[in-house]
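Welcome to a short tour of the spaces in this protein and of what surrounds them. Have the structure open as you read, and follow along from the ligand to the pocket and the cavities.

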Amino acid sequence: MAARQVIIIGAGLGGLVCGRILSRQGCDVTLLEQGTQAGGALQTFVRDGIRFDTGFHSVGGLEPGEPLDLIFRQLDLRDLPWFPMEPDECIGCNEPFLRLSTGWEEERKHVLKPYQHGIWRLKGGGKTLVDALAKDQRVLLRKKVTAIEDRSVFCADGSSYRGDIVISDIHPAVTMRLVRDHIRPSYLQRLDVLSNGPGAFTVYAKLKPGTIRHLRHSIFVDNDFMIHFGDEAINGYALSLDIVTFVAGTPAERKAFAEELIRKAARRLPELPEAIEKYWTSTPQTWERYTGTPGGSAYGIRKNSRADFLAPQTPLPWLYLTGQNLGLHGILGTSVSALNTCNSISLL
Ligand SMILES: Cc1cc2nc3c(=O)[nH]c(=O)nc-3n(C[C@H](O)[C@H](O)[C@H](O)COP(=O)(O)OP(=O)(O)OC[C@H]3O[C@@H](n4cnc5c(N)ncnc54)[C@H](O)[C@@H]3O)c2cc1C
C-alpha cells in the first residue's frame with residue numbers, strides 16, 4: 001500500500017513533532033515553512049557573535065517519569081545535551097509559579113506544575129531541539145502557504161502540494177481564512193470568539209566582558225518581567241541576557257520602553273545599565289512577522305481549565321490542527337498537542 005501523504009503547514013515545534021511521529025508510522029511527510037529556518041517560536045539568532053534564543057528559556061517535566069521525559073524518550077530527544085537549572089528567583093511575585101499577570105493563570109498552573117520538580121535547559125538552545133527534529137524530515141523553507149483547498153496546499157511562490165492529510169501548525173483562525181472549501185459558519189464563528197493572549201517584548205543584551213556574574217537561574221520580578229541569562233559564560237561572567245515582558249500591543253516608543261525595562265531590571269542587577277555593550281529588541285509585531293500569530297501573541301489562543309480546548313479535527317475530514325493554540329503552550333504543551341493530533345489521525 002502506498003504511504004499516506006501528509007502535508008504539514010508550519011515547521012514550528014508542533015509541526016516538527018507531528019512530522020517525526022507520522023513519518024515513523026510510515027507516512028510520507030512534507031513540511032512547508034514560510035520562514036528561512038525551521039522552529040517558529042523556537043528560532044535563535046546571532047548578533048555580534050552571540051546566540052540569542054527567542055521563545056525558549058527553560059522547560060519543566062523532564063525528570064524521570066514526568067510527561068516530557070516520556071515523550072522526548074519516544075522522540076529520541078532525551079539524549080540531547082539537557083542540563084538542569086537552579087530554581088527561579090522571584091522578587092515581589094505574589095506566587096512563585098503564577099508569576100506574570102497575563103490573564104492566563106489557569107493554564108499556567110497546568111504547564112508550570114512540572115517546573116516544581118526541576119527546570120531544564122538545552123546546550124545550544126532551541127536550535128539544538130529544532131535541528132534534532134528537522135534533520136531527518138523533508139522541511140521546505142520559504143514556502144508561505146496562501147490557500148488550502150480539497151487536500152491541496154498552495155504557496156506564494158506558485159507551487160502546490162497535495163496530501164491525503166493536511167495538518168496546520170499555524171493559528172487556527174488564520175488557517176481557516178486560507179481554506180477555500182465550504183466550512184460551516186458555526187465553526188468559524190466559534191474560532192472568531194476565541195481571544196489570544198498578549199505578545200512579548202524582549203530586550204536582548206550583549207554584556208561587556210567580566211561585568212555580570214552568570215546565573216544558572218531566571219529572575220522574575222513583580223509579576224511584571226523576567227530576566228534570563230544566555231547559557232554561555234566566560235570565567236563565570238555572562239555574555240548575554242534577555243529581559244522579557246508581556247504587552248497587549250507593540251509599544252509606540254520602542255527604545256524608551258526598552259530603556260525603562262533595563263532600568264527596572266537594574267533593581268536586581270544594579271550594574272546592568274553600564275554592563276550592556278549593545279542591545280536589540282523584539283516586539284509583538286516582530287513575532288507576528290516571524291510566526292504569523294495574530295497580534296504577535298506569545299502563547300496564542302487563551303485557555304483556561306474551565307473552557308474546553310479546540311480539537312485537532314476540523315469540519316474537513318482531511319484537515320487537522322496542531323500546535324500551542326490547541327492545548328497548552330510551551331514545549332511541553334505543544335508536544336502534547338502534537339501527540340493528540342497524531343492520535344486523532346490514526347483513529348480515523
Ligand atoms: C518570548 C517567548 C518565550 C517563551 N519561552 C518559553 C520557554 O522558556 N519554555 C517553553 O516551553 N516555551 C516557551 N515559549 C513558548 C513556546 O516557544 C511555544 O509554545 C512553541 O514554540 C509554539 O510552537 P508551535 O509549533 O505551536 O507554533 P510556532 O512556533 O508559532 O510555529 C508555527 C510555524 O508556522 C509557520 N507559519 C505561519 N504561517 C505560515 C504560512 N502561511 N505558511 C507556512 N508556514 C507558516 C511559522 O513561521 C512557524 O514556524 C515562549 C514563547 C515566547 C513567545
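## Around the ligand

Helices α1 (13-24), α9 and α10 (330-346) each give at least two residues to the shell around the ligand. Please keep in mind that this is a predicted model. In total, 34 residues surround the ligand, and the closest are Glu-33, Ala-41, His-57, Ser-58 and Gln-324. Sorted by class, the shell holds 14 nonpolar, 16 polar and 4 charged residues. Both domains take part: domain 1 (5-39 + 133-194 + 307-346) and domain 2 (46-125 + 196-291) each supply at least three residues of this shell.

Which atoms sit 2.7 Å from an oxygen atom of the ligand? One is a polar backbone atom of Gly-330, and another is a backbone N or O atom of Ile-331. On its own the ligand has 1,000 Å² of accessible area, and the protein covers 96% of it.

## The second largest pocket

Next comes an open space. The second largest pocket holds about 430 Å³. Its lining consists of 20 residues, and those nearest the centre are Gln-43, Phe-45, Thr-54, Thr-286 and Tyr-290. Two or more lining residues come from each of β3 (44-47), β19 (276-282) and α9 (284-291). Among the contributors, α9 has the largest share, with 5 residues. By class, the lining of this pocket splits into 5 nonpolar, 12 polar and 3 charged residues.

Why does the second largest pocket lie between domain 1 and domain 2? Residues of domain 1 (5-39 + 133-194 + 307-346) and of domain 2 (46-125 + 196-291) both belong to its lining, so the pocket lies between the two.

## The largest cavity

Rolling a probe the size of a water molecule over the atoms shows where empty space is left. Over the whole structure, a search finds 3 cavities of 30 Å³ or more.

The largest cavity has a volume of about 120 Å³. It is lined by 15 residues, with Arg-51, Asp-53, Arg-121, Gly-230 and Ser-240 closest to the centre. Strands β4 (50-53), β15 (225-229) and β18 (240-247) each contribute at least two residues to this lining. The classes here are 5 nonpolar, 4 polar and 6 charged.

## The second largest cavity

How much space lies in the second largest cavity? The volume is about 40 Å³. Its lining is made up of Phe-83, Met-85, Arg-121, His-214, Leu-215, Arg-216, His-217, Phe-229, Gly-230 and Asp-231. By class, that gives 4 nonpolar, 3 polar and 3 charged residues.

Terms used. Residues are numbered from 1 along each chain as its sequence is written. This is a predicted model: local features need pLDDT of at least 70, side-chain atom pairs count only at pLDDT 80 or more; totals for chains, interfaces and linings use all residues. Side-chain values use heavy atoms; hydrogens and water are left out. On a 1 Å grid over the protein atoms alone, a cavity is a set of points where a 1.4 Å probe fits but cannot get out, and a pocket is an open set with protein on both sides within 12 Å along at least five of seven lines; lining residues have an atom within 4 Å of a point. Grid points are joined across faces, edges and corners, and a volume is the space filled by probe spheres set on the points. Helices (H or I, at least four residues) and strands (E, at least two) are DSSP runs, numbered from the N terminus. Ala, Val, Leu, Ile, Met, Phe, Trp, Tyr, Cys and Pro count as nonpolar, Asp, Glu, Lys and Arg as charged, and the others, Gly among them, as polar. Domain bounds come from an automatic or database domain assignment. A residue is near a molecule or strand if one of its heavy atoms lies within 4 Å of it. A polar contact is a pair of N or O atoms within 3.5 Å; within protein, one must be able to donate a hydrogen and the other to accept it, and residues adjacent in sequence count only if both atoms are side-chain atoms. Accessible areas come from the Shrake-Rupley method with a 1.4 Å probe; for residues, only the protein chains shown count as cover.
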